[in-house]
Amino acid sequence: MGICQDEIRNYQIAVIVSLLMTVAVRIYAIKQGNFASDPQTGAKFFGIVGASKVFIGILLLTVLYPGDCAGFAGLYGVIAIIIGLLWLVKAKALSQREATTGASGSEMSKMAAEKVSTNEIA
């Protein structure tokens, strides 16, 4: 019985760490304004934490899962993987927004430069 208690305690510690990570990521993203002004940094941030969250979810479903303990049903590994995948999707969306913003920004710069040059001619 002592082995099961130790395995369950280790699983619970990993779940708590993962939950704290989720809260910390959310707080940091809010403080950064959801990376509206710097989507490239947001893409890197959510890519790293998303991959980490998926990794933690896999650990919770495999190595840390106390499978020998009767009656134990831990589903948080699946939830962690889903949250991690959502963060990876957010990272992809932020990187695409950066690409779109960068393209339209350079397009606007070209248009502004043409307008200035036509005003100088007139």
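Student: Why is Tyr65 called partly exposed?

Tutor: Tyr65 has a relative accessible area of 27%. Buried means under 20%, exposed over 50% and partly exposed in between (1.4 Å probe, protein chains only), so Tyr65 counts as partly exposed. A word on the source: this is a predicted model, where local features need pLDDT of at least 70, side-chain atom pairs count only at pLDDT 80 or more, and totals for chains, interfaces and linings use all residues. Residues are numbered from 1 along each chain as its sequence is written, and side-chain values use heavy atoms, leaving out hydrogens and water.

Student: And what makes Tyr11 buried or exposed?

Tutor: Its relative accessibility is 4%, so Tyr11 counts as buried.

Student: Why is the pair of Tyr11 and Phe72 called edge-to-face?

Tutor: Rings of Phe, Tyr and Trp (its six-membered ring) pair if their centres lie within 6.5 Å; planes under 30 degrees apart are stacked, over 60 edge-to-face, the rest tilted. Tyr11 and Phe72 have 5.1 Å between centres and 85 degrees between planes, hence edge-to-face. Tyr11 lies in helix α1 and Phe72 in the loop between α2 (39–61) and α3 (76–121), so the pair ties together parts 61 residues apart in sequence. Tyr65 and Phe72 also form an edge-to-face pair, at 5.5 Å and 65 degrees.

Student: What makes Ser18 buried or exposed?

Tutor: Ser18 has a relative accessible area of 0%, so the label is buried.

Conventions
Helix = DSSP H or I, 4+ residues; strand = E, 2+ residues; numbered from the N terminus.
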